[in-house]
Amino acid sequence: MKISVIIPTQNRQLDLKRALRSVCSQTRQPDEIIVVDDASEIPIDIKIAGEIECDIPLKVKRLNMSVRQGRARNIGANIAKGDILMFLDDDDTWEPTKVSDQLVIFEQEPDTGLVYSGRLVVNELDREKIVYRIKPQKSGYLYPDILYKNFIGSSSSVAIRKSIFKEVGCFEECMAWEDYELWIRCCKKTIVKHDNCCNVRYTISNNYHKQSSRKSYNRHLEAVHILQEKYSYEINSQGLWNARKIYAERLFALAKSMRYQGLNHSLPWILRSLWQFPKLKTIVLLLPPNMIQLTQSILHKE
């Protein structure tokens with residue numbers, strides 16, 4: 001099977017080089033890398049491959065107008081020639097065995113359509129120090145479990161058969177949390193496995209304006225409503241108490257994304273999440289930002 005790696009990027013050339021190095025350092029190298037330049041102010045040059053000593057064929061797709069990440073990933077996927085698609089955000093990196101660990105599962109289990117990895121959460125100021133680990137947990141037919149929580153994680157963790165990606169309809173292009181929404185559709189269609197490793201270094205930023213997942217809070221609020229409406233039948237079929245748990249998790253994700261702008265912005269959503277279904281991780285968001293990170297590291301401690 002051939003592997004295509006798709007990396008959307010915008011105005012983060014240094015981060016992109018680091019991400020590319022992690023791909024080029026894989027024990028099993030992919031067959032192609034596709035960089036989707038989302039209208040960066042300084043265009044990405046294909047010569048970047050030479051700068052990082054990468055022998056993997058590299059394509060750069062330059063977009064003249066900025067689009068959302070879901071659209072950028074879809075553009076890359078349409079170009080890709082691989083049987084397996086792997087996505088990597090430009091501020092994340094992979095551990096050396098990420099490709100090989102996930103590929104062996106596809107080779108041994110032809111009915112598996114999606115494989116994900118756990119994450120090593122790191123701070124942008126010191127990516128060598130692991131703040132905490134998010135271990136992969138569930139495998140198998142994961143619907144409707146995926147409605148309760150995005151335990152698959154970000155797109156950087158996922159490898160997916162291109163046939164499944166096309167069958168379920170690619171990333172939604174007009175909403176936030178488009179990766180989680182895609183995982184829901186995938187879990188309805190195929191078996192999901194994990195590689196039993198934490199093969200992704202997932203970067204958290206001290207500057208919420210820098211990290212794209214912490215921007216556009218109105219889009220996150222809109223995503224809560226879209227998910228609740230789109231999957232209302234499935235959610236309500238879980239029963240009233242479980243429906244509240246699902247809604248509380250959405251509100252928690254919204255509160256978490258807004259917490260970096262200040263407690264005043266996130267407090268209404270923290271309280272609403274706690275009212276729907278109280279959880280310790282939601283209460284933690286009431287702490288000062290430095291204490292939140294410390295507490296999360298304790299909660300995720302092995």
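I call a residue buried when its relative accessible area is under 20%, exposed when the area is over 50%, and partly exposed in between, with a 1.4 Å probe and protein chains only. My helices (H or I, at least four residues) and strands (E, at least two) are DSSP runs numbered from the N terminus.

I note that this is a predicted model, in which local features need pLDDT of at least 70 and side-chain atom pairs count only at pLDDT 80 or more, while totals for chains, interfaces and linings use all residues. Residues are numbered from 1 along each chain as its sequence is written, and side-chain values use heavy atoms, with hydrogens and water left out.

Helix 4. I looked up residues 98–108 and found Lys98, Val99, Gln102, Leu103, Ile105 and Phe106 buried. They lie on the same side of helix 4 because they cover an arc of only 155 degrees around the axis, the arc being that of the directions from the helix axis to the C-beta atoms. On the face turned away from this buried side I found the exposed residues Glu107 and Gln108. The buried residues pack against several strands, among them strand 1 (3–9), strand 6 (112–123) and strand 9 (191–204), where contact means heavy atoms within 4.5 Å.

Backbone. I found a cis peptide bond from Tyr143 to Pro144, with omega near 15 degrees; Pro144 sits in the loop between strand 7 (126–134) and helix 5 (145–148).

Is Cys170 buried or exposed? I found Cys170 buried, at a relative accessible area of 18%, and its phi is near 65 degrees, a positive value in a residue other than glycine. Asn196, in strand 9, also has phi near 65 degrees, but Asn196 is exposed, at 60%.
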